[in-house]
Amino acid sequence: MKKMEDFLKKQTFNIKRSKELELNRRGFIASSLSLMGILFLGSTPLLALSKAKEEESNDEELYLVKEGEIAVGDSFSFHYPDENDPALLIRISEKEYRAYNIKCTHLMCPVYWEKKTKQLTCPCHNGFFNVEDGSVIAGPPPRGLPTIELEFKKDGIYAVGITQAQH
């Protein structure tokens with residue numbers, strides 16, 4: 001029994017008590033930098049995949065509506081480039097249309113078109129976006145809304161691409 005007590009006093013969890021304070025600042029910094037390096041190298045493939053996905057061009061066209069089918073000041077909901085990306089086409093004048101992905105850039109809450117104020121509004125944290133270019137007017141969103149590129153053809157308006165908003 002005495003031997004066991006002596007053993008436990010000297011060693012706990014494979015650390016010798018007499019040497020447990022030997023992890024000085026230099027050792028701590030070296031261990032921390034090693035851990036950061038491992039985490040960085042482990043996340044590099046994820047960063048590369050994310051960047052590759054951003055750079056993918058979306059050549060898919062999606063028919064939206066006939067030109068003039070929606071009244072000035074009204075909007076039309078659709079999904080682009082896939083079913084998980086809600087978007088909104090807004091007719092802002094007789095000849096001008098704008099389309100945006102309507103997930104707020106703050107916390108991905110849905111953004112709504114307010115005809116009275118002529119602004120895109122995120123009700124979650126009072127974010128407001130300019131209908132002309134999707135830029136942030138007020139609130140916590142860090143950047144503007146992604147713009148859906150439109151193409152006008154004889155038979156209607158098509159969504160043809162998406163441009164990510166800059167900071």
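This is a predicted model: local features need pLDDT of at least 70, side-chain atom pairs count only at pLDDT 80 or more; totals for chains, interfaces and linings use all residues.

Me: Which residues have a positive phi although they are not glycines?

Reply: Most residues other than glycine have a negative phi. Here Met-108 has a positive phi of about 65 degrees, and Asn-126 has one of about 55 degrees. Met-108 is in the loop between strands E6 (97-101) and E7 (112-114), while Asn-126 is in the loop between E8 and E9.

Me: Is Met-108 buried or exposed?

Reply: Exposed counts as over 50% relative accessible area. Met-108 comes in at 53%, so it counts as exposed.

Me: What joins Tyr-80 and Pro-81?

Reply: Most peptide bonds are trans. The bond joining Tyr-80 and Pro-81 is cis, with omega about 5 degrees. Pro-81 sits in the loop between strand E4 (75-79) and E5.

Me: OK, on to the cores. Which residues touch the most other members of the largest nonpolar core?

Reply: That core has 14 residues, and the ones to look at are Ile-90, Val-111, Leu-120 and Phe-129. Strands E5 (86-91) and E8 each supply at least two residues of this core. Apart from it there is another core of twelve residues, including Tyr-80 and Ala-87.

Me: And how far apart are the C-alpha atoms of Cys-124 and Cys-109?

Reply: They're separated by 6.5 Å, with the two residues 15 apart along the chain. Cys-124 lies in the loop between strands E8 (119-122) and E9 (127-130), and Cys-124 is partly exposed at 38% relative accessible area.

Notes. Residues are numbered from 1 along each chain as its sequence is written. Side-chain values use heavy atoms; hydrogens and water are left out. Helices (H or I, at least four residues) and strands (E, at least two) are DSSP runs, numbered from the N terminus. Buried means under 20% relative accessible area, exposed over 50%, partly exposed in between (1.4 Å probe, protein chains only). A nonpolar core is a set of buried Ala, Val, Leu, Ile, Met, Phe, Trp, Tyr and Cys residues joined through side-chain atoms within 4.5 Å.
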